[in-house]
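Please look through the sequence and the model below before reading on. The paragraphs after it move from the whole chain to single residues.

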Amino acid sequence: MSDVNADDWVSSGHRPMGFPEFVIVIASIMALNPLAMDMMLPALPNIGSAFNIPVANHLQLVLSTFLIGFGAGQFVMGPLSDRFGRRPVLLGGMAVYAVASVLAIAAPSFETLLLARALQGFGTSATRVIATSIVRDCYVGRRMASVMSLAMMIFIAVPVIAPSFGQAVLLVTQWRGIFVVLMLYGLLALAWSVLRLPETLPESERRSLAPADVLTAYWQTVTHRQTLGYALAAGSVMGALFAYVFLAQQVFVGIYHLGHYFPLAFAGIAAGSAIAGFLNARFVGTLGMRVISHGALTLYTAVAGVMLLTESLAALPLPLFMVLSALMMFSFGMMVANFTALAMEPQGHIAGTASSLYGSITTLIGIAVGMAIGQSFDGTLLPFSVGFFVSSLAALAIVLVVERGRLFRPHHRAIG
């Protein structure tokens, strides 16, 4: 399956689907994760009231347990799909997600709801890992980049509009209705995949699932300076982003008193990441991954410093907070894809397993940092500002070590 220039060519790997349908299916599969995460934001107070949760910070567990399941699931989804094929693992993960949604709808206690959320996250880890693998199975070169860019445009738009969807559901029903919507979306995506998505990994290209082989691939991943370094840096910057999502409802409603308008503010800020995705796709071929990601990390750290300074001086009104948050989202969007590419650059021979481990490392570090910041919330933005600044400095220090103090300039080969 080689790269070609004919606009009407489609890979035989995903027939009978044509190119537009393939892109839409991949995007809809990938969107399951951010939709399940961000639609819940407006419902957190309602969930707290339903289960008599006295501490508002504890409601963040509805989000963090989902991410824990998502991060843990990535450890196994890549190796399983490399051994048994993409289709059975993908469909199995989506089935787990659907069952977990039913459990969430009927949850009699807060603890049961958290279990359902962890299972939802575990199920969506299959969609995130395997959707990328399917694209890699079917396309290479610029055609692969085209598919991923088109899919990512839809994927990035989901976090922008998901809270508004959640708020709209709450206008007509209770919080359990959000899980009904998520379940129906998951079942629709599952049915579409069952009927139209073929297996894309040939038998001849499947890898052994022997523990020694998997552990060897994991060891090669975590002992490579460039791969591990950029995974740690991505996890650090992701921690502040997770904390922002965990705290969004408390900040916009509790501090800035936006009430039902909070999803609109969240959407306006999240648009920064969509703009970054468009610009990165346009200029990365010219400027390179290091120039863009290192510049974005510098901006990310500067934004964190300004936010900490203004909050310390009690001079962080809503307009300034939104500007700084949008810049945070923008710089993150310019970083994350390039950090991932730099981490995977030396791992082509074990790309599936390395991608799974990279996703788990970044997600679980991000959750640990995000939960630490989120649980320290005291009704002000100072804990978030401190955590944001510290995590950005940590990421910058890690990248400096990985690149041996040489930022913005490409190396002739991957750093070993």
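What follows is a guided reading of this model, beginning with the overall fold and ending with individual positions.

The model is predicted, and for that reason local features need pLDDT of at least 70 and side-chain atom pairs count only at pLDDT 80 or more, while totals for chains, interfaces and linings use all residues. Residues are numbered from 1 along each chain as its sequence is written, and side-chain values use heavy atoms, with hydrogens and water left out.

The protein chain has 14 helices and 0 strands, where helices (H or I, at least four residues) and strands (E, at least two) are DSSP runs, numbered from the N terminus. Read along the sequence, the pattern is therefore α-α-α-α-α-α-α-α-α-α-α-α-α-α. Of the 416 residues in the protein chain, 53% are buried, a word that stands for under 20% relative accessible area, with exposed meaning over 50% and partly exposed the range in between (1.4 Å probe, protein chains only). The accessible surface of the protein chain comes to about 16600 Å², and 71% of that surface belongs to carbon and sulfur atoms; accessible areas come from the Shrake-Rupley method with a 1.4 Å probe, and for residues only the protein chains shown count as cover.

A search of the whole structure finds 4 of them, a salt bridge being a side-chain nitrogen of Lys or Arg within 4 Å of a carboxyl oxygen of Asp or Glu. In one of these, the side chains of R196 and E21 meet at 2.8 Å, N to O; because R196 lies in helix α7 (residues 176-196) and E21 in helix α1 (residues 19-38), this pair ties together parts that are 175 residues apart in sequence. R196 counts as partly exposed, at 29% relative accessibility. Another salt bridge joins R290 and E403, whose closest N and O atoms are 2.9 Å apart. This pair also links distant parts of the chain, with R290 in helix α11 and E403 in the segment after α14, 113 residues apart. Are R290 and E403 buried or exposed? R290 is buried, with a relative accessible area of 7%, and E403 likewise counts as buried, at 0% relative accessibility. A further salt bridge is formed by R206 and E203, with 3.6 Å between the closest N and O atoms; here R206 is partly exposed at 22% relative accessibility, whereas E203 is exposed, with a relative accessible area of 61%.

Aromatic rings form another set of links. Rings of Phe, Tyr and Trp (its six-membered ring) pair if their centres lie within 6.5 Å, and planes under 30 degrees apart count as stacked, over 60 as edge-to-face and the rest as tilted. By this rule the count comes to 14 aromatic pairs. One of them is the edge-to-face pair of Y300 and F388, with 5.0 Å centre to centre and 75° between the planes. Y300 lies in helix α11 (residues 289-312) and F388 in helix α14 (residues 382-402), so that the pair links distant parts of the chain, 88 residues apart. Both Y300 and F388 are buried, and both belong to one aromatic cluster, which also includes Y244, F252, Y256, F262, F266, F321 and F384.

Two further buried positions deserve a look. T227 is found in helix α9 (residues 225-255) and is buried, with a relative accessible area of 2%. Leaving aside its neighbours within four places in sequence, T227 is in contact with T221, A343, M344, P346 and Q347; T227 and A343 are 116 residues apart in sequence, yet 3.9 Å apart in space, C-alpha to C-alpha. S356, in helix α13 (residues 351-375), is buried with a relative accessible area of 0%. With neighbours within four places in sequence again left aside, S356 is in contact with Q74, F75, M77, G78, P79 and V129.

The surface comes last. V76, V96, L115, L119 and F122 form a nonpolar patch there, with about 350 Å² of accessible area together. Patches are made of residues with over 30% relative accessible area and no salt bridge, like charges being joined within 9 Å and nonpolar side chains (Val, Leu, Ile, Met, Phe, Trp, Tyr) within 5 Å. Helix α5 (residues 110-138) gives the most to this patch, with 3 residues. F122 lies in helix α5 and is partly exposed, with a relative accessible area of 31%.

Key. Contact means heavy atoms within 4.5 Å.
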